[in-house]
Amino acid sequence: MTPSALPPASQRSVQLAFSDQPAWIVKDEVDGGWVLQIGGAEQSHVDLADPTHIVHEYLLRMTHVLDAFRPAREPIRIAHLGAGALTLVRYVQTTRPGSAQLTIEIERELPTLVTTALPLPVGTDLEIVIGDAREELAAMDGRRFDALVIDVFSGESSPAHLASKDFYLEALDHLEENGLLLVNVGDDAGQRFLAQQVRDLEDAAEDRGLSGVWTLTHASLLTRPADGNMVLLAGGALSSPDVEQWRTAWKRAGPHPAAVLDPDETVEAFREIGRRR
């Protein structure tokens, strides 16, 4: 199926049972490609012609992290908590063919809508699990991943049982010794929810004997209040002797102006944010 030959419009929308919101696949007239809308809000962007074309800023930062932490083209085992339009799944298959991927999605109807309207790259090895992210991950006792992506948070409305130190502990326990946890946190200008997630992830990392939390974001979010996203990183991979080289690559890759904070800088940045509040 070519990018221009999507199914009829009647097959490009669905009513989601869990959230009771409509989901639509619509053409992106600005950036090209296709957009997943849920409840009228843009959730994901997909370019079928070029899965490495990433529009959303936080997701682009995540791709740069995944590019660096393992040798180029090397397949990885990766879990995605929150499916969206499977944008990152497509990116990983394109840049690391043969990767074993898993996604956990609470909206039962969403993966079928997405994979029907926006087919995955040929050869994609993807296991789709329907259910609550924490419950389904807990059921995978002993299963380990090179990378685990959490993309389920949206400020104060985020599920409380996921936005917690205990959940981060459970997620970290599903990583290989040199694995990496990537967490996207969106928040409003007050950044109270974000600051709490940093503290909870810091505490979880410390309990597991890991180095602290790294932060990737738009530099302006550290100096003035605004709605936005930050990517938090934790895991054994960050103890690599190459981490400073990765940091240089992440900052150089942007989007700009880019901020890449090590654990000490993360602590200090959120101390300053707390003072501003």
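Two strands are said to pair if DSSP finds at least two bridges between them; strands (E, at least two residues) and helices (H or I, at least four) are DSSP runs, numbered from the N terminus. The model is a predicted one, in which local features need pLDDT of at least 70 and side-chain atom pairs count only at pLDDT 80 or more, whereas totals for chains, interfaces and linings use all residues. Residues are numbered from 1 along each chain as its sequence is written, and side-chain values use heavy atoms, with hydrogens and water left out.

An open sheet is formed by 4 strands in the order β1-β2-β3-β4, with antiparallel pairing. Its edges are β1 (13-15) and β4 (41-46), each of which pairs on one side only. From one strand to the next, the twist averages 20°; axes are lines fitted to C-alpha atoms, for helices over the stretch in contact (heavy atoms within 4.5 Å), and angles run from 0 to 180 degrees between N-to-C directions. Between β1 and β2 (residues 22-27), the antiparallel pairing extends over 3 bridges; Ser13 has Trp24 in β2 as its bridge partner. Helix α3 (residues 110-117) lies across β1, β2 and β3 (34-38), and runs at about 15° to β2.

Arg73 is located in the loop between α1 (57-68) and β5 (77-81). Apart from neighbours within four places in sequence, Arg73 is in contact with Thr94, Thr95, Arg96 and Pro97. A polar atom of the Arg73 side chain lies 3.0 Å from the backbone oxygen of Thr94.

Key. A polar contact is a pair of N or O atoms within 3.5 Å; within protein, one must be able to donate a hydrogen and the other to accept it, and residues adjacent in sequence count only if both atoms are side-chain atoms.
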